[in-house]
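Dear colleague,

Please find the structure below, together with its sequence.

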Amino acid sequence: MFFVRVFIIILALLSSGWVSAKDQVPYATQINDLVRYLRVTPNIATSGALTRDGIQELVKHSFQTVIDLRSESEGTPSEKKAVEAVGITYINIPVTSEGINESQLATFKQALEQAAPPVLIHCATGNRAGAMWTAYRLNEGVAPEIAFREGRAAGMNAGMEEKVRKSWCGETREGC
């Protein structure tokens with residue numbers, strides 16, 4: 001009887017670990033078909049453009065939500081169709097090379113709060129995804145050096161970084 005109880009407890013612990021693990025994004029070493037893929041939190045990742053193989057990679061790893069930061073002229077209607085066809089929620093928040101404004105960030109925050117994990121945030125190259133992640137983290141009170149390091153790792157380039165600094169740090173924030 002003791003062994004049966006131990007077995008049931010172990011089984012319960014293993015299954016509860018499995019349930020939470022399925023909500024987590026894989027590490028970059030586990031991903032093959034996504035450009036500039038980066039795991040930024042246990043349930044959020046960033047990347048560049050999605051291909052048909054990339055979408056299948058998302059399915060393979062149980063992603064539930066895609067937040068696309070590209071504009072309509074970059075192919076968002078066809079991606080929306082392809083992503084939704086495999087059962088993944090698709091959200092589009094168009095961001096241009098001009099930077100990220102308060103409205104876009106507010107929409108992004110709301111999308112993240114309502115999104116079922118795991119979540120992929122992407123654009124064409126990772127530049128806007130990294131910039132949005134940086135703006136989000138700064139807005140959440142993360143130290144600027146950490147937020148900018150994470151954004152650069154996700155693909156944010158120097159030009160976009162300067163725009164994020166100008167928009168979100170202003171002249172009053174120290175160390176930004």
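In this predicted model, a salt bridge joins the side chains of Arg165 and Glu161, with N and O 2.8 Å apart. The term salt bridge denotes a side-chain nitrogen of Lys or Arg within 4 Å of a carboxyl oxygen of Asp or Glu. Both residues belong to helix H7 (residues 158–169), where a spacing of 4 residues separates Arg165 and Glu161 by about one helical turn. Helices (H or I, at least four residues) and strands (E, at least two) are DSSP runs, numbered from the N terminus. Glu161 is buried at 12% relative accessible area, whereas Arg165, at 23%, is partly exposed; buried means under 20%, exposed over 50%, and partly exposed in between (1.4 Å probe, protein chains only).

Salt bridges with shared partners also link Asp68, Arg70 and Glu79 into one network. Across the whole structure, the search finds 8 salt bridges.

One of them pairs Arg128 with Glu74, the closest N and O atoms lying 2.7 Å apart. Arg128 is in helix H5 (residues 127–139) and Glu74 in the loop between strand S3 (65–68) and helix H3 (76–85), so this pair ties together parts 54 residues apart in sequence. Arg128 is buried at 11% relative accessibility, while Glu74 is partly exposed at 29%.

Residues are numbered from 1 along each chain as its sequence is written, and side-chain values use heavy atoms, leaving out hydrogens and water. Local features need pLDDT of at least 70 and side-chain atom pairs count only at pLDDT 80 or more, while totals for chains, interfaces and linings use all residues.

Yours sincerely
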